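Dear colleague,

I am passing a structure on to you, and my notes on what was found in it follow below.

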Amino acid sequence: MKIVREKLTVLSMLTALTVVLAMFFTIPVPMTKGYVNFLEVGIYTAAMLYGGVAGLLVGAISGGMLDMLLGYPQWIIFSVLIHGAQGYIAGKWTVGKSYKVRLFWLSLASLIMVVGYFFAGALLYGYGASLASIPGNIIQVIFGTFASLMVVGILEKRSLVKP
C-alpha cells in the first residue's frame, strides 16, 4: 500500500483521466445493453507505470465510475471486480519489463476482461447477448493494449515518469 500513499495524486489524476477518456470514446452496444470504450488505455498505462495495486485501483474505480456516470448501474459491481483484477494482473509483473513480457501480461489481463464480461453478461442477459459482447470487448482490449504500450514507451523513453 506504500504506492498508494506515495502516488495518491498521480493515481487520482490517472483515474480521472481514464474516466474522461472512456466517456469521450464510448460506443453503445444495444444487444448487450453495454458499451465499448477506451478504458484499458488508462488502466494499462497506470498498471505498467506503477504496478499491480495502482492498476487495481485505477481499474476498479474508473470502471465503476464509468458505469455509474453513463447510466449502467447493473454493471457497476462487475466492472469494479473485472477491471480491478485486470489492472492488477496488468501491473503486477510489467513494471520496467520488456515489450514481450508486458505484451504477455496485458494479453492475460485482457483475457480476464473478455471472459469476465462474458460471464457477467450471461448472468444479466443470457448467453446470446453475452456472446454478442465478445467481438467488441476483444477490439477494446486490443486497442487498449497497443495504445497503452505506445504511451508508456514514449513516457519511459523521454524519462517523463518516475516509478
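In these notes Ala, Val, Leu, Ile, Met, Phe, Trp, Tyr, Cys and Pro count as nonpolar, Asp, Glu, Lys and Arg as charged, and the others, Gly among them, as polar. The model is predicted, so that local features need pLDDT of at least 70 and side-chain atom pairs count only at pLDDT 80 or more, whereas totals for chains, interfaces and linings use all residues. Residues are numbered from 1 along each chain as its sequence is written, and side-chain values use heavy atoms, with hydrogens and water left out.

By those classes, the lining of the largest pocket has nine nonpolar, 12 polar and one charged residues. A pocket here is an open set of points on a 1 Å grid over the protein atoms alone, where a 1.4 Å probe fits, with protein on both sides within 12 Å along at least five of seven lines, and lining residues have an atom within 4 Å of a point. Of the 22 lining residues, Gly34, Tyr35, Val36, Tyr117 and Asn137 lie nearest the centre of the pocket. Helix 7 gives the most to this lining, with six residues (helices are DSSP runs of H or I, at least four residues, numbered from the N terminus).

Serine 130 is found in helix 7, residues 127-157, and is buried at a relative accessible area of 1% (buried means under 20%, exposed over 50%, with a 1.4 Å probe and protein chains only). Serine 159, by contrast, lies in the segment after helix 7 and counts as exposed at 61% relative accessibility.

Best regards

Key. Helix = DSSP H or I, 4+ residues; strand = E, 2+ residues; numbered from the N terminus.
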